[in-house]
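Trainee: I would like to learn how to read strands, helices and cores from a model. Can we go through some cases one by one?

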Amino acid sequence: KEYGADFFDTLPELVWEKKEGCHLARYRYHEHTTERFVQAFCDNIGQWCRNNNILLTGHMMEEPSLNKQTCAVGEAMRSYRPFGLPGIDMLCDSREFTTAKQAASATHQYGYPGVMSELYGVTNWDFDFRGHKLQGDWQAALGVTGRVPHLYWVSMGGEAKRDYPASIGHQSAWYKEYSHIEDHFARVNTMLTRGTADIKIGVIHPVESYWINFGPVDKTGVIREELDGRFKQITEWLLYNTLDFDYISESLLKDQFAGADKTFNVGKMQYDAVIVPSCITLRKTTVDALNEFAHKGGKVIFMGEIPSMVDAVASNEAKALADKCSVISWSKLKFLEELEPYRTVEIRKNNGQPSDNLMYSMRNDDEGKNLFICHVNDAFRDAVDKKEKYIITIKGEYKPILMDSFTGEISDYPAVYSGGNTVLTWECYSQSSILLRLEKGRAE
C-alpha cells in the first residue's frame, strides 16, 4: 500500500540475488519496516512520555555496526527521534565509538539535554577504579552525560553472583571510596551539559547503502564487509585525529534540514563541512539539501565512490552534485588534509607526532567554551604507567582555567599564543583527563 506495489512480487529479492540487482525491493523493505517499528514502538512511548513530562530513555539493540542495526532495528538514529534522553549500553569495556556518536548526534540535532549510558557491565570482578574512570571518560568525550552504572546487587544469592563487575555498593569493601569516581563525573558532566556542542563537521550516515546490499552472504558478503569497515574507519580517523563530528541520518534530515547559508543547518546544529563517505545511494531529499549547501559555497566532500543511485534507483544526480564539490579517494592523508581548515583542537605528542589515544568534547558556553580531553584505550593492564606530554593547540585566543574534577579546585592554567591560537602543555598519565574553562582573551 505504501509504495503502490504487490509485496509478493519482489519478496524473493530480499533473500536471493538476481542479475539486474535487488536494490529497490530491499530499500523499500528496510525503510518500511524501520519506520513501522519506530512509529509503533518508539514514537508511541515517546509521545506518552512527553505528554506526562517524562524523558524517554534507554538503549536500542545492536547499535554499533551497519550489519547489526540493519538486523535489529533497521537504523539506530531514527529510533532516537522521540527520545528525551537517547541512550546506549556499553558491555565488556568495548570501544563502540559509532554507538556513542549516533546517540550523541541525534541529541545535538534535536537539542536534547544529553546522552545516557548503561556502563561497566561484563568487565569482570578485577575491574578497578582506573578502568571505571577510563571507560566513563571516553564516553563523556563522545557525549555521554547521564550515567547508569552496572550494577548494584539486591542479593548475592544464586545466579546473582555470576553477574559482573563487582557490586558498586555495600557488598564491596571499597564502596565508600567510590565517590572519587562519581564526584569526578559529576563535575565533568556539569561542564559538558552546559551550552551547545562545538562541532563543525557532519557525516552522512551510510546505513541505507548497506540495506540495498543486504542479500545472501556468498553474493553480497564482501561489499557489506567493506561498507561496515569504512563506517568504522572514518569514525576512528576523525575521532583519533581530534576532529569532532556528528552523523547525519538521511531519514531524519528530510524533516530536520533548516536550509543552508554559510552552514549546513540540521535541527539545532550548523555544520561547516559535510562528508559523503562512499555511499552507494542517497535520498533525493539529501541530494537537494547538499545541492543548496554547495550552491551557497558550503564545503561538501565526496570520499571514495560517488553514489550511483538516488532512492535506490540508478541516477546521475549525485554525480552532477559531486562535480561542484570536493572529490577525494578513500585516503586517510587526503581526508585529513581536506578537513584541516575545520579543526578547532589539535593535540600532538611532545615529539611532534599527532596524538593517537586522546579524544575531546568542546562546548560553546556563554562567551567562552568548555573543553574536556581524555585518554581512550587501556594502556595500564600489566604495564608501568609512564608520564606523557602533549601540546594542545586551540583555535582562537582564550584564557584557560583548570577545573580540577577530582578536588573541585579552580586555577589558572598557563598558556602561550601563536598565530591567533592558544597553546597549552599537558603532562599526564595513561588514565588522565583534563577539564578546562576557556574564557575569551589572553591569560596574563
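Trainee: How many bridges join S9 to S10, and do the two run parallel or antiparallel?

Mentor: Keep in mind that this is a predicted model. The general idea is that strands of a sheet pair through backbone hydrogen bonds, either parallel or antiparallel. Here S9 and S10 run antiparallel and are joined by three bridges. Within that pairing, Asn 265 stands opposite Gln 270 of S10.

Trainee: Which strand pairs with S9 over two bridges?

Mentor: That is S8, residues 257–260, which pairs with S9, residues 264–266, in the antiparallel sense. Ala 260 has Phe 264 in S9 as its bridge partner. S8 and S9 form a hairpin, with three residues between them.

Trainee: What is the strand order of the open sheet, and which strands are its edges?

Mentor: The order is S8-S9-S10, an open sheet of three strands with antiparallel pairing. S8 and S10 (269–271) are the edge strands, each pairing on one side only. Neighbouring strands are turned against each other by 20 degrees on average, direction ignored.

Trainee: Which helix lies across S8, S9 and S10?

Mentor: Helix H11, residues 284–295, lies across these strands and runs at about 30 degrees to S8.

Trainee: Now a parallel case. With which strand does S6 pair over four bridges?

Mentor: With S7, residues 245–248, in the parallel sense. Val 203 stands opposite Tyr 247 in S7. S6 also runs parallel to S11, residues 273–277, and three bridges join the two. In S11, Val 203 has Ile 275 as its bridge partner.

Trainee: Which residues of S6 lie on each side, and are they buried or exposed?

Mentor: In a regular strand the side chains alternate between the two faces of the sheet. For S6, residues 201–204, Ile 201 and Val 203 are on one side, Gly 202 and Ile 204 on the other. All four are buried, and both faces of the strand are covered.

Trainee: How many residues does the largest nonpolar core have, and which have the most contacts inside it?

Mentor: In soluble globular proteins, nonpolar side chains tend to be buried together. The largest nonpolar core here has 66 residues, and Phe 335 and Leu 339 have the most contacts inside it. Helix H9, residues 217–240, gives this core its largest share, seven residues. Leaving aside neighbours within four places in sequence, Phe 335 touches Ile 234, Trp 237, Leu 238, Ile 275, Met 303 and Ile 328. A second, separate core has 25 residues, including Ala 197, Val 276, Leu 290 and Ala 294.

Trainee: At what angle do H6 and H7 pack, and how far apart are their axes?

Mentor: Two packed helices are described by the angle between their axes and the distance between the axes. H6 (residues 129–141) and H7 (residues 179–192) pack at about 10 degrees, with axes 11 Å apart. The angle is under 35 degrees, so H6 is roughly parallel to H7. On the H6 side the contact is made by Phe 129, His 132, Lys 133, Gly 136, Asp 137 and Ala 140. H7 contributes Ile 181, His 184, Phe 185, Val 188, Asn 189 and Leu 192. By class, this contact has six nonpolar, four polar and two charged residues.

Trainee: Is Ser 361 buried or exposed?

Mentor: Ser 361 lies in strand S18, residues 358–365. Its relative accessible area is 9%, so Ser 361 counts as buried. Apart from neighbours within four places in sequence, Ser 361 is in contact with Ala 140, Ala 141, Leu 192, Asn 370, Leu 371 and Phe 372.

Technical notes: Residues are numbered from 1 along each chain as its sequence is written. This is a predicted model: local features need pLDDT of at least 70, side-chain atom pairs count only at pLDDT 80 or more; totals for chains, interfaces and linings use all residues. Side-chain values use heavy atoms; hydrogens and water are left out. Axes are lines fitted to C-alpha atoms, for helices over the stretch in contact, and angles run from 0 to 180 degrees between N-to-C directions. Angles under 35 degrees count as roughly parallel, over 145 as roughly antiparallel, 65 to 115 as roughly perpendicular and the rest as oblique. Contact means heavy atoms within 4.5 Å. Ala, Val, Leu, Ile, Met, Phe, Trp, Tyr, Cys and Pro count as nonpolar, Asp, Glu, Lys and Arg as charged, and the others, Gly among them, as polar. A nonpolar core is a set of buried Ala, Val, Leu, Ile, Met, Phe, Trp, Tyr and Cys residues joined through side-chain atoms within 4.5 Å. Buried means under 20% relative accessible area, exposed over 50%, partly exposed in between (1.4 Å probe, protein chains only). Two strands pair if DSSP finds at least two bridges between them.
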